[in-house]
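Me: I have a structure open and would like to learn how to read it, feature by feature. Could you take me through it?

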Amino acid sequence: MPSTEITVNHSVGLHARPAAEFVKTASSYPCEIQICNLTAEGQLVNAKSILSVLTLGVYQGHRIQIDAEGEQANEALAALIELVESNFGEDEK
Amino acid sequence: MSPLVKGIGVSAGIAIGPGWVYRPIKVEVKRFDDCDPLGETTRLDDALAEAKSQISELRVRTLGVIGKEEAAIFEAHLMFLDDPEFITAIKGIIDEQKINAEAAVEEVVEHFAGEMLALEDEYFRARAQDIRDIGQRVIYCLSGVDTKSLELPKEPVIILADDLTPSDTVQFDRRVLLGLCTVRGGPTSHTAILARSLGVPAAVCVPFRLDEIEKSALVILDGREGELTIDPSDEQVSAAKTNQTVWQADWQTQLAAASKPAVTLDGHTVEVVANIGNVGDARQAIEYGAEGVGLLRTEFLYMDRQTMPNEELQVSEYKEIFDVMGNRPLVVRTLDIGGDKEVAYLGLNEEPNPFLGWRAIRMISERPEVLHNQFRALLRAGVGIDLRIMIPLVSNLDEVIKARQILDEARQALINEQLPAAENVQFGIMVEVPSAALMIEHIAGYVDFFSIGTNDLTQYTLAIDRTNERVADLASPFHPAVIQLIARTIETARTKSKWVGLCGEMAGDPLATPLLLGLGLDEFSMAPTSIPVVKQVIRNLELKECREIARAALGLPSSEAVKEYLSQFIV
């Protein structure tokens, strides 16, 4: 099962626009995607659920784990990594 | 005289008018067992669709009336309604427990709200209000409550409420909205944001008793001070009316002239700059005529996190603020934090006397790398701007020498790594401890400037914890001992050709302006909203006369006497 660990560097964390973008991206893939907050030692939750993602309390600097399983799992994971690494599309680089 | 209740002012201005106690319709959710799951699921689907169409309508309305940022609140609400976990959880409960849809919605909403309230960060906790707002709407739709039938004010009123959700706030007609005042909420709540963008006076965290307010009782709301007066006397009303007229007229004139320099009648110019803590403040500062920044607080970088902010992150956060300020002078205060805050990775522990403990610059003996990293990030971000760095809570010369040495090392390290480093950076200290004020002559050789922090200087000079309500009243920067220390600091620094700023609340108090001008202060740094008025006050003063005023004030024996004496110069 494709899985990855990544740090969220956005100043608001997974909240507001970044959280919405994350959930929208996850929702555009057919596979099951789960996310957990490694820093807060939280549980895996549905990455397509905005409420669940918000309750993880992912602040700036937290590490998250993303698991994807099923159709287009690799593509979904790649898209989510790209989103987080580009600081949710706000990086100038 | 009616007593006033004080909270936090979040949107400036004065409103006088009938109070309108706003209580959203509370649908009492009753739980029914043995319901038909299929029927309840259909009701739920219909209600969700109805709620969605209502919110879309609110979103469009907000977009038109207020703006894009505020409308985003409702975009988030639409996402909540589409949330698969939310819907699955409600339907699961309907299926398993055979209860009515209303009870199932309430259960799931409270579950998510509870999880959000368990988080530490205020912004995350505030989302509990959003999910409850959504839940309430779905329950209205299920119960057939028409929210449009809710009685709304038709004449201009001041809305008084326990708390206001975004949907509550946007339904009020702007033309009948004189002001907003809530018992709960904070400076970052939706109420505050919406009120500011509507230009309506507002206060939050005001501890009034909603039940004790009679229908249409007259109230006065001061959104600058965060004060609410219920059932005011005739005198209070006429005083408020005068204040309101004066405030509006003054505010317009002051704002129009805010970007012009602050020059006294006899041609003496001082710098009027802002105290800021984030990029939003920086934009507001420019809008209100700040000529620069006299205090950039940097604690925001270190709070609400588990590890040290890395250098790249610090650089990018600083740059964002520096870009807004352009080539205006900008004073950054290095980390000012202590045992009253929980920041584990800095090694802060709970202390019996955190304000007298291991905090601010005192950390350098054990944790020099914290300051070293901050200096590196500041030097990298500050290339090409007029950057000034100051260290807080200095009480000994050693601290200044050590900090300066760390700054030199940080610059050298950047040069060795062939990274860009800001040049001609001024280095200064905060004068907040009486010992520093009494040692200016010894410190002057190591610094370019001094900035007096009157809030702490008052606290440390008078031995008053200003967070302790029982004694906070006694903490006046007009106390003779405090103004003596300010006078001494400025005078001694001048003989050593160093400039002096002041960044406590006193700088933004027009009562103190003639005194500070007369003492020879070079830079006044204050909350952005105070800038237009203080500039105006300065323009109506004469430096020569202010010197006399300062001399006379220094001879007075009490805070009250000083304040009374100065009040005659307020025009």
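Predicted model: local features only at pLDDT ≥ 70, side-chain atom pairs only at ≥ 80, totals over all residues.

Me: Which loop of chain B holds B:Ala463?

Reply: B:Ala463 is in the loop between helix H16 (454-462) and helix H17 (469-472) of chain B. Its phi is positive, about 55°, although B:Ala463 is not a glycine. With 9 C-beta neighbours inside 10 Å, B:Ala463 counts as exposed.

Me: Back to chain A. What pattern does chain A follow along the sequence?

Reply: Chain A reads β-α-β-β-α-β-α, with 3 helices and 4 strands in total. Of its 93 residues, 45% count as buried. Look also at contacts between residues at least 6 apart in the sequence of chain A: 68% of them join residues at least 24 apart.

Me: In what order do the strands of chain A form the sheet?

Reply: First the general idea: strands of a sheet pair through backbone hydrogen bonds, either parallel or antiparallel. In chain A, 4 strands form an open sheet in the order S1-S4-S2-S3, and the pairing is antiparallel. The edge strands are S1 (3-7) and S3 (45-46) of chain A, each of which pairs on one side only. S1(A) is joined to strand S4 (residues 63-69) of chain A by 5 bridges. To find this pair on your screen, look for A:Ser3, which stands opposite A:Asp67 in S4(A).

Me: Which helix packs on the sheet?

Reply: That is helix H3 (residues 73-85) of chain A, which touches S1, S2 (32-37) and S4 of chain A. The direction of H3(A) makes about 160° with that of S4(A).

Me: Now for a helix in chain B. Which residues of helix H10 (residues 279-287) of chain B are buried?

Reply: They are B:Asp281, B:Ala282, B:Ala285 and B:Ile286. Just after H10(B), B:Gly289 takes a positive phi of about 90°.

Me: How many residues of chain B are in contact with chain A?

Reply: 22 residues of chain B are in contact with 19 residues of chain A. Elements giving two or more residues to this side of chain B include helix H2 (68-81), helix H3 (84-97) and helix H11 (311-325) of chain B. By type, the residues of chain B on this side divide into 12 nonpolar, 2 polar and 8 charged.

Me: Last topic, the cores. Which residues touch the most other members of the largest nonpolar core?

Reply: In that core of 93 residues, they include B:Val293, B:Leu378 and B:Val394. Another core, of 59 residues, lies apart from it and has A:Val8, A:Phe22, A:Leu80 and B:Ile134 among its members. Leaving aside neighbours within four places in sequence, the contacts of B:Val394 include B:Ile361, B:Glu399 and B:Ile429.

Definitions and conventions. Residues numbered from 1 in each chain as written. Chains lettered and ligands numbered in written order. Core = buried A, V, L, I, M, F, W, Y, C linked by C-beta atoms within 7 Å. Buried ≥ 20, exposed ≤ 12 C-beta atoms within 10 Å, placed from the backbone. Contact = placed C-beta atoms within 7 Å. Nonpolar A, V, L, I, M, F, W, Y, C, P; charged D, E, K, R; others polar. Pairing = 2+ DSSP bridges. Axes fitted to C-alpha atoms, helices over the stretch in contact; angles between N-to-C directions.
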